[in-house]
Amino acid sequence: MDTPLLLIVDAANVVGSVPDGWWRDRRGATERLRDRLVGYGEGGLPGRTGPLEIVLVVEGAARGVESVPGVRVESAAGSGDDRMVELVAEAQGRDILVVTADRELRRRVAELGADVAGPRTVRSD
């Protein structure tokens with residue numbers, strides 16, 4: 001069986017991409033994002049059929065958000081960006097898509113061979 005696409009999502013960047021009051025409850029906003037991501041695991045993304053392996057990288061106030069079936073949550077000990085770069089480096093040879101609007105992070109993961117996409121890829125609102 002082929003290895004599924006590894007989807008790495010920058011939680012802080014995606015949550016912060018819509019001014020919906022997330023700053024009042026960062027953890028809750030991150031949990032809502034995590035729960036929305038579950039559906040992409042089997043169904044895939046536009047132009048990317050499932051199944052997908054989904055990793056949501058959290059930092060700061062969102063640390064401690066739990067994984068759920070279909071979405072593994074990685075709490076970055078330091079910088080979330082650095083953790084995402086590490087995950088891409090560890091998965092060399094796989095098809096990887098990193099979801100973030102952060103220009104510097106996009107550059108760093110693209111240098112390692114990952115594809116990049118913006119937050120709208122996983123936000124329907």
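Among contacts in the protein (heavy atoms within 4.5 Å) between residues at least 6 apart in sequence, 55% join residues at least 24 apart. Keep in mind that this is a predicted model, where local features need pLDDT of at least 70 and side-chain atom pairs count only at pLDDT 80 or more, while totals for chains, interfaces and linings use all residues. Residues are numbered from 1 along each chain as its sequence is written, and side-chain values use heavy atoms, with hydrogens and water left out.

Let's turn to the overall fold. The protein has 4 helices and 5 strands, taken as DSSP runs numbered from the N terminus (helices H or I, at least four residues; strands E, at least two). Along the sequence they follow the pattern β-α-α-β-β-α-β-α-β. Of the 125 residues, 42% count as buried, that is, under 20% relative accessible area with a 1.4 Å probe and protein chains only.

Now look at one pair of helices. H3 (residues 80-90) and H4 (residues 103-111) pack with their axes 9 Å apart, at an angle of about 15 degrees; axes are lines fitted to C-alpha atoms over the stretch in contact, and angles run from 0 to 180 degrees between N-to-C directions. That makes H3 roughly parallel to H4 (an angle under 35 degrees). Where they meet, H3 contributes Asp81, Asp82, Met84, Val85 and Val88, and H4 contributes Leu105, Arg108 and Val109.

Terms used. Parallel < 35°, antiparallel > 145°, perpendicular 65-115°, else oblique. Buried < 20%, exposed > 50% of the residue type's maximum accessible area, 1.4 Å probe, protein only.
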